[in-house]
Amino acid sequence: MSTETVYPVLTGKRALVVGVANEHSIAWGCALAFRKLGAEVVLTYLNDKAYPHVAPLAAQIDAQLLPLDVTQPGQMDAVFAALNKLDILVHSIAFAPKADLQGGLLDCSLEGFLQAMDVSCHSFIRMARLAAPLMSEGGSMFAMSYHGADKVVPNYNVMGPVKAALEAACRYLAYELGPKDIRVHAISPGPLQTRAASGLKDFDHLLSDAIARAPLGELVDIVDVGNTCAYLASPYAKRLTGSTVYVDGGLNIIA
């Protein structure tokens, strides 16, 4: 039996977590961590196909569940209109057409680049704009990045520049929202076996390389990422903002 003592430091807080596709999603790790520390959680699902996978998870943590496809006009506005208060926002979605993702940056189409930038980066800015008025007592926002934003990771291709833009957006949003006591961070997990990662060529090599090279010698999991976000959303991190926080066992420090 676990002897862990959990202090519900997020009691009375409401978290909107965008990006849960199944129980392996990074967003699900965040939702679990927030709920464990006392927060009320709201989840979104992409479409009717995704609903059967997300609904049981929402029920597991007694979360409100709302539809959200950021490419569909009006859906994002409807999600935020359904909330009268918000303290935490997690953006954990990304997309690039398969041909543009796997074909290398040099051959990436304009249409594919713009779609990747819209879903993976600009949608976070739109969410922040809608979330900020609901965070009347301050709050925290998180967007999921990856080391490929800072260094070249083979086969990460167009998502490298897109995630670099996302990290820069987090810094500028932290600057603009700081006076409202709203903190913004980019979170950069190490390689994780998620549905989104399955679209990367030779992803298994990234996993084995992470184990071999990371100082801690093991992969991180969605709970590690969720716990990091929960800490950053708590009063213990109230003077931290604008950072790219690596949750990768130290892999990012290795040349």
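Modeller: The axes of helix H5 (residues 110-131) and helix H6 (residues 159-177) come within 9 Å and cross at roughly 15°. Axes here are lines fitted to C-alpha atoms, for helices over the stretch in contact, and angles run from 0 to 180 degrees between N-to-C directions. Helices (H or I, at least four residues) and strands (E, at least two) are DSSP runs, numbered from the N terminus.

Colleague: What am I looking at, prediction or otherwise, and what are the ground rules?

Modeller: This is a predicted model: local features need pLDDT of at least 70, side-chain atom pairs count only at pLDDT 80 or more, and totals for chains, interfaces and linings use all residues. Residues are numbered from 1 along each chain as its sequence is written, and side-chain values use heavy atoms, with hydrogens and water left out.

Colleague: OK, back to the helices. How are H5 and H6 oriented to each other?

Modeller: With that crossing angle, H5 and H6 are roughly parallel to each other. The classes go like this: angles under 35 degrees count as roughly parallel, over 145 as roughly antiparallel, 65 to 115 as roughly perpendicular and the rest as oblique.

Colleague: Which hand is the crossing of H5 and H6, left or right?

Modeller: H5 passes H6 in a right-handed crossing. The convention is left-handed if the near helix is turned anticlockwise from the far one by less than a right angle, and right-handed if clockwise.

Colleague: Which residues of H5 and H6 meet?

Modeller: From H5 there are Phe113, Ala116, Met117, Ser120, Cys121, Phe124, Ile125 and Ala128, and they meet Met159, Pro161, Val162, Ala165, Leu166, Ala169, Cys170 and Leu173 in H6. Contact means heavy atoms within 4.5 Å. By class, the contact of H5 with H6 has 15 nonpolar residues, one polar and no charged. For the classes, Ala, Val, Leu, Ile, Met, Phe, Trp, Tyr, Cys and Pro count as nonpolar, Asp, Glu, Lys and Arg as charged, and the others, Gly among them, as polar.

Colleague: Next pair. At what angle do H1 and H8 pack?

Modeller: H1 and helix H8 (residues 222-233) pack at about 50°, with their axes 7 Å apart. H1 and H8 are therefore oblique to each other, and H1 passes H8 in a right-handed crossing.

Colleague: And what sits between H1 and H8, in terms of residues that meet?

Modeller: On the H1 side, Ile26, Trp28, Gly29, Cys30, Ala33 and Phe34 meet Ile222, Val225, Gly226, Asn227, Cys229, Ala230 and Ala233 in H8. The residues of the contact of H1 with H8 divide into ten nonpolar, three polar and no charged.

Colleague: Changing topic: how many aromatic pairs turn up in a search of the whole structure?

Modeller: The search finds two. Tyr45 and Tyr51 form an edge-to-face aromatic pair, 5.0 Å centre to centre with 70° between the planes. Rings of Phe, Tyr and Trp (its six-membered ring) pair if their centres lie within 6.5 Å; planes under 30 degrees apart count as stacked, over 60 as edge-to-face and the rest as tilted.

Colleague: Is Tyr45 buried or exposed?

Modeller: Tyr45 is buried, with a relative accessible area of 13%, while Tyr51 is partly exposed at 40%. Buried means under 20% relative accessible area, exposed over 50%, partly exposed in between (1.4 Å probe, protein chains only).

Colleague: Now H2. Which residues are buried in H2, and what do the buried residues of H2 pack against?

Modeller: Val54, Ala55, Leu57 and Ala58 are buried in H2, and the buried residues of H2 pack against H1, strand S2 (40-45) and S3. Pro52 also lies in helix H2, but Pro52 is exposed, with a relative accessible area of 51%.

Colleague: What follows H2?

Modeller: Asp62 does, and its phi is positive, near 55°. Asp62 is in the loop between helix H2 (51-60) and strand S3 (64-67), and counts as exposed at 65% relative accessibility.

Colleague: Last one: what does Thr11 touch?

Modeller: Not counting residues up to four places away in sequence, Thr11 touches Leu37, Gly38 and Ala39. Thr11 lies in the segment before S1 and is exposed, with a relative accessible area of 52%.
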